[in-house]
Every structure is written in structure tokens, then in C-alpha cells.
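Colleague: Could you take me through one part of this model in detail, with the cut-offs behind each term as you use it?

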Amino acid sequence: MIPSAFDYSTPANLDEVLKLLAEDGDNSKVLAGGHSLIPAMRLRLAQPEKIIDIQALRPQLSYIKEEGDIIKIGAMTTYYEIESSDLLKEKAPILPEAASVIGDVQVRNWGTVGGSMVHADPSSDLPSVMLALDAEMVLKSAKGERVEPASTFFAGILQTTIEPDELLTEIRFKTPTGKKSSYKKLPNKASHYSVVGAAAVVGVADGKITDAAVGFSGLAEIPMRFDELEKNLVGVSTDEASIEKACQGFASGVDALEDLHGSQEYRRAMAEVFAKRAILAALSK
Ligand SMILES: Cc1cc2nc3c(=O)[nH]c(=O)nc-3n(C[C@H](O)[C@H](O)[C@H](O)COP(=O)(O)OP(=O)(O)OC[C@H]3O[C@@H](n4cnc5c(N)ncnc54)[C@H](O)[C@@H]3O)c2cc1C
């Protein structure tokens, strides 16, 4: 399929990108890795009048660093860079683990963490991981900067609270020191998108779970966490039977997605299964 006609610009720096977004953000789309936007344009699901190609920002917005106890990841950082980051392998290993099961090598070489957040496909993997890490989105516009938690950033299928004149520049979160974590997913056999995925970040002391954050991909319209599950897990012993019991029932009332890859009932059941698997995998590390 051939996209509809569009103007194409290649701004040289962040100020120029923000200026273009301020001028006509409503009719523009930023092009990062292009692995969601270009297919959507070819299918004419997206028909932007203007494409703002932000490749020139790669040197500035591709980074993974720790400042104090905060890990900061530039929005143009690719999945491959996350997957192969020694800093993340040591300090937040759930991210390399999750990035390594995204799509294929080409997708991981081009797809960016910022594109994944803003595209907000419910079946994407990293949004639920960022939710479990209590991450924040740093959004810049010509007017200034604002910071929004992942917990309010995702608004619906392919929808976030980003404003038309804003660029996501960074995702940051507190280093999960001392936490155990793992991401497990049931992948779509063709695309590897998650039918259901679970991102578990847990604290453990004296053989019991002290705190738990579990984010879910693919289950509902937005990445989700469940108070009931996270409360149930506190104080639970780390053996399989106890974890399985704590993971039962939390998803029963969820308005789950339903498509050719799985019914609502199937996704609810898989959410419980993959929550258990992710928590047990985290505890085994
Ligand atoms: C075959 C295939 C398999 C895939 N499998 C998986 C998978 O298993 N798991 C998974 O999670 N994903 C998967 N993906 C999707 C992939 O992760 C995309 O790369 C990602 O969703 C979008 O990132 P991108 O950098 O390519 O963004 P783009 O396609 O360039 O942009 C996507 C959207 O985000 C906006 N955008 C991008 N960056 C910014 C920014 N910094 N600020 C503001 N807006 C921005 C764009 O305007 C556009 O609306 C797959 C894609 C393909 C083609």
C-alpha cells in the first residue's frame, strides 16, 4: 500500500523539532524508528500531512545513564541498545530481558523506546515494564517541559496524554535497587507482540514478598496494574503454590481485549498464568 501524500522535514536539532511541532503539531507526526508509523501510513490508518523525521536527534536522545538513584533513558534509544546495556543488565535487568523478546532483529535495531511509549499499542512490551518500574515520561515543547507518570500517560488504544506540540525526550525511573524482576509473555507467533505479558518487580525479605509491582501488556486497552494482586502478594512465601494462590482471581473482572489471538476469558486466564511465571522467574534470580 502507498501512503497518502505528506510533507517531509528533517530538522537538525531539538529546538527546530519543537518549533515545527508548535507551528502545526495537530497535522504532524514525528518519525522515530518508523516501525509502527510507516506501516500505519501504508495502511492509511494514519494520514499525517507532515512528517517530522527526528533522526538528527539520535546522538542527543540515545542514552542510558544513572544519575544519583535515577535511571534515565533517552527517547531515541533503540531496543537493541536497551537489550545490550551493561548498566541496565546490572541495575534494571527486566528492561534488557523484555527488549530481547520484542519483534525480530530489524525491529529491535530500529524501534525506539520513545516510539513504543507514544504509539501505545496495548500489545507492546515496554509500556507495562515502565508501569511496573513507576517510570515517568519527560515531555518537551516550545513552552517548556513537563513530567507525567506512566500510570496516567497511557489513555487508550494508541492513545496517550501527549499534546500535539510535545516531544517525548526521556523515560526515567528510580533504580530498583534490591528488587528482583522479570518479564514473561505469551507472544503472538508471527509478530511476537504480546498476547499477554507480565512485568514483575518484587522485593523479598526472609523468604517472603515485601512489595510487588506487576504490569500487564496485551490484557486490556492500556497497560495495567492491579491493587488486589499487589496487596495479595505482600507477605506471601516465595514457593510456587503460595504465589499461584496469590495470583488467582485478580483478573476476573477486567474488561479484557478480545481478538483473533484470544478471547477475553483466555486473556484473563493467561494474565494469572503469566503473573505467576514472571514472579517466580524474578524470585529465582
Ligand atoms: C514486524 C513487527 C513486529 C513487532 N513486534 C513487537 C513486539 O513484539 N513488541 C513490541 O513492543 N513492539 C513490537 N513492534 C512495534 C515496534 O516496537 C515499534 O518500533 C514501536 O511500537 C514504535 O517505535 P518506533 O521508534 O518505530 O516509532 P515510530 O513508528 O517512528 O512512531 C510511532 C508513533 O510514536 C510517535 N513518536 C515516536 N517517537 C516519539 C517521540 N520521541 N515523541 C513523540 N512522539 C513520538 C510517532 O509520531 C508515531 O505516532 C513490532 C513492529 C513490527 C513492524
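Modeller: Domain bounds here come from an automatic or database domain assignment. On that basis the protein chain is divided into domain 1 (7-52), domain 2 (63-174) and domain 3 (180-283), and the C-alpha centres of domain 1 and domain 3 lie 35 Å apart. This is a predicted model, in which local features need pLDDT of at least 70 and side-chain atom pairs count only at pLDDT 80 or more, while totals for chains, interfaces and linings use all residues. Residues are numbered from 1 along each chain as its sequence is written, and side-chain values use heavy atoms, with hydrogens and water left out.

The part I would look at closely is an open sheet of three strands, in the order β11-β12-β13 and with antiparallel pairing; strands are DSSP runs of E of at least two residues, numbered from the N terminus, and two of them pair if DSSP finds at least two bridges between them. Because β11 (180-187) and β13 (208-217) each have a single partner strand, they stand at the edges of the sheet, and one side of each is left without a neighbour there. From one strand to the next the twist averages 15°, where axes are lines fitted to C-alpha atoms and angles run from 0 to 180 degrees between N-to-C directions. Strand β12 (residues 194-205) pairs with β13 in the antiparallel sense over nine bridges, and Ala199 stands opposite Gly215 in β13. As a general point, strands of a sheet pair through backbone hydrogen bonds, either parallel or antiparallel.

Note on methods
Helices (H or I, at least four residues) and strands (E, at least two) are DSSP runs, numbered from the N terminus.
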